[in-house]
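Thanks, everyone. I'll talk about side-chain contacts today. Have a look at the slide first.

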Amino acid sequence: MSEKTLLKGNIAIAQAALKCGCSCYFGYPITPQTEIGEYLSLKMQESGLGYVCAESEIGAINMALGASSTGAKVMASSSSCAVSLMQEALSYACSDELPIVLVNVMRAGPGQGYIYPSQGDYNQSVTGGGNGDYRIIVLSPSNVQECIDLTYRAFYLARKYRNPVIILLDGLLGQMSEAVEFDDNKYDEINCSNWTLEGAKNRPSRKIHSLEPSSNKLNNHIKKMFEKYSIIKEKEADWEEYLTDDANIIVTAFSTMSRQAKALCNYYRRKGLKMGLFRPKTLWPFPQKRLAELSKKADLIIDIEMNMGQMLKDVELSVLGNSKIEFIGKPVGDFMKIDELVSRTDEILRRTDVSLSHS
Amino acid sequence: MSYIKIDNSKCKSCYLCIDVCPHKLIKKSKIIGKTGEYTVEFEDNENKCIACASCAYMCPDNAICEVYKNE
Amino acid sequence: MLVYRTPKTIKENSTFTFCPGCDHGIAVKLVANVLDELNLRDETIAVASSGCSVFLYNFLDVDCIEAPHGRACAVATGIKRAMRAQKKENFVFTYQGDGDFASIGLGESLHSALRGENITAICINNTNYGMTGGQLGPTTVLGQVTTTSPLGRNKEYHGFPIKTAEHIALSDGTSFSARVALYDIKNIMNAKKIIKKAFEYQKKGLGFAFVEILSSCPTNWKLTPVESHNKIKNELTKIYPLGIFKDVLNE
């Protein structure tokens with residue numbers, strides 16, 4: 001354990017990336033993630049690492065694509081509307097099976113939206129904005145310490161499964177400072193030397209491509225990708241539970257919103273309600289099985305998001321009618337405060353009668 | 001005598017070699033190639049080939065794959 | 001005595017997928033020739049692009065990655081920076097069409113040149129989008145009939161074509177920019193010399209090196225391969241002059 005330091009989410013991610021050996025970063029400024037690129041610009045230049053102030057996000061993500069093909073640990077970062085520009089290359093990276101870590105510090109949308117806190121990119125990250133059948137591993141931290149831990153994990157998973165990984169957090173967390181410590185990176189180093197491009201010295205030449213004119217080969221390639229995805233689904237789903245043991249009301253939320261949801265649980269516990277929190281740390285794979293189990297014991301699920309209900313779809317697919325589902329959301333603006341959450345939850349509890357049967 | 005080697009399985013019958021040979025030693029053959037057209041053949045009865053390799057450099061499909069020079 | 005053989009860097013038993021008489025074949029062979037001569041095979045990472053040259057990785061016996069359409073110079077930038085960060089010997093080049101390099105990818109291409117990215121880019125200019133059947137592209141010349149300019153390229157209606165090599169030459173990061181053609185042996189041998197220079201400039205660490213190759217597209221031009229070469233010689237070189245537009249070692 002090292003000593004505690006006060007760090008912003010964005011800087012914590014940048015430092016964690018360096019700690020796990022990230023040797024290339026490509027980016028383009030956009031609020032609220034610009035500090036990542038600013039921080040790394042000096043550190044990487046000083047260490048002789050690869051850093052490019054790219055001409056666009058399209059340029060940045062394609063540089064990441066090229067760099068990762070050499071086996072280098074690569075990170076790019078951006079936000080919402082600019083991550084939209086990267087979707088083409090992410091689709092290529094999935095088919096090419098290239099490990100890229102992409103940080104998306106969300107702002108509000110659609111379109112340019114604004115720099116308000118928002119969680120509007122759940123769908124973009126989880127279901128993908130690019131073409132074709134592919135999946136991206138999506139990790140979502142809820143505090144600055146987790147920004148560090150999940151950055152370590154992102155580099156590990158990207159290389160282990162040869163797939164892009166998105167770290168998805170809201171702008172509030174990117175900009176928020178908390179006391180953190182840097183544990184040693186506990187993940188194994190993954191050997192990539194059997195597929196990387198670095199010149200074909202003493203071996204046959206290699207090719208990395210997504211184009212495949214043989215429909216048979218293309219079918220097989222995609223099937224192989226999906227076999228990999230089913231292993232990821234089986235092994236890598238991760239979540240946090242808070243006071244769920246006896247809960248008959250389960251609140252679901254991700255990233256910073258889950259912290260408000262925790263406060264909400266505490267508030268209603270004091271009032272005698274058995275409320276608990278279920279927070280996915282991996283948005284893909286979504287921890288569907290565990291939420292399904294919890295929902296069997298629950299009367300009510302309340303999904304809280306800073307959007308119009310994007311994770312809600314995965315919650316519904318997990319719960320599958322086991323219990324009622326209600327949604328509290330707000331796409332843009334001030335982060336939903338506890339007062340607002342309480343009044344909207346009270347309204348739900350009155351309407352659904354859940355509070356009466358269990359308080 | 002100098003000569004060239006032609007791999008007819010690669011010839012696409014573009015005939016750029018016929019055009020480029022300074023001594024006109026390449027002509028259409030009687031063999032139909034992959035594009036359904038006649039491929040080419042090398043005929044040098046008077047030992048005119050100077051192994052300049054122009055045909056080989058011009059051939060876009062590596063059908064003219066080797067050139068030998070008489071020593 | 002063997003005085004010529006198919007370059008070693010061309011994969012054995014590989015067959016080019018270009019149309020009959022297409023200059024792409026000559027260009028790929030010249031690239032392979034120069035890789036052989038400079039003994040670069042073991043350290044090369046090639047970047048293929050979208051379009052007629054998309055199967056480059058099936059022809060060349062070097063490590064190769066396919067870039068999304070237009071992004072070859074960005075992908076090459078990433079490779080170069082990553083190899084440098086890992087302190088590994090390397091040689092990186094892109095092989096692109098004019099649509100890839102100078103239309104959809106102009107941003108990535110020009111900014112790689114402006115940064116002086118130490119890579120080499122080869123751009124095949126055949127004045128149309130060949131792979132998709134001959135549409136108007138950034139290099140389609142005024143008056144040229146394509147499937148999307150059926151009445152000929154009109155400057156008021158379609159705008160002007162780009163002189164890529166001249167534009168790239170204007171960038172301070174460019175070490176070398178030239179335009180060559182392949183319509184006769186003299187020009188083919190000159191093109192080989194120029195490609196070699198553009199490869200050597202990267203090895204010397206001089207910055208972005210660029211070669212635009214005026215190439216035939218007999219299928220879409222609806223001409224024979226020989227007629228296509230005559231068209232390049234008599235018409236296209238008047239619009240796209242051959243020559244070296246920038247050479248940092250000769251200024």
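Let me start with a question: is Lys231(C) buried or exposed? Lys231(C) counts as buried, at 17% relative accessibility. Buried here means under 20% relative accessible area, exposed over 50%, and partly exposed in between, with a 1.4 Å probe and protein chains only.

Some ground rules. This is a predicted model: local features need pLDDT of at least 70, side-chain atom pairs count only at pLDDT 80 or more, and totals for chains, interfaces and linings use all residues. Residues are numbered from 1 along each chain as its sequence is written, chains are lettered from A and ligands numbered from 1 in the order written, and side-chain values use heavy atoms, with hydrogens and water left out.

Back to Lys231(C). Its salt-bridge partner is Glu235(C), with the closest N and O atoms 3.7 Å apart. By salt bridge I mean a side-chain nitrogen of Lys or Arg within 4 Å of a carboxyl oxygen of Asp or Glu. Both residues lie in helix H9 of chain C, four residues apart, about one turn. Helices (H or I, at least four residues) and strands (E, at least two) are DSSP runs, numbered from the N terminus. Glu235(C) is partly exposed, at 44%. Lys231(C) also lies over the face of Trp221(C), 5.3 Å from the ring centre. The criterion: NZ of Lys or CZ of Arg within 6 Å of the ring centre and within 35 degrees of the ring normal.

Now chain A. Lys281(A) and Glu146(A) form a salt bridge, 3.7 Å from N to O. Lys281(A) sits in the loop between strands S12 and S13 and Glu146(A) in helix H7, so the pair ties together parts 135 residues apart in sequence. Lys281(A) is buried at 18%, and Glu146(A) is buried at 10%. Both belong to a salt-bridge network that also links Asp238(A), Glu240(A), Lys262(A) and Arg279(A). Over all chains, the structure holds 42 salt bridges.

Next, rings. There are 19 aromatic pairs over all chains. Rings of Phe, Tyr and Trp (its six-membered ring) pair if their centres lie within 6.5 Å; planes under 30 degrees apart are stacked, over 60 edge-to-face, the rest tilted. Phe18(C) and Phe59(C) are edge-to-face, at 5.4 Å and 65°. Phe18(C) is in a loop and Phe59(C) in helix H2 of chain C, so parts 41 residues apart are tied together. Phe18(C) is buried at 5%, and Phe59(C) at 1%.
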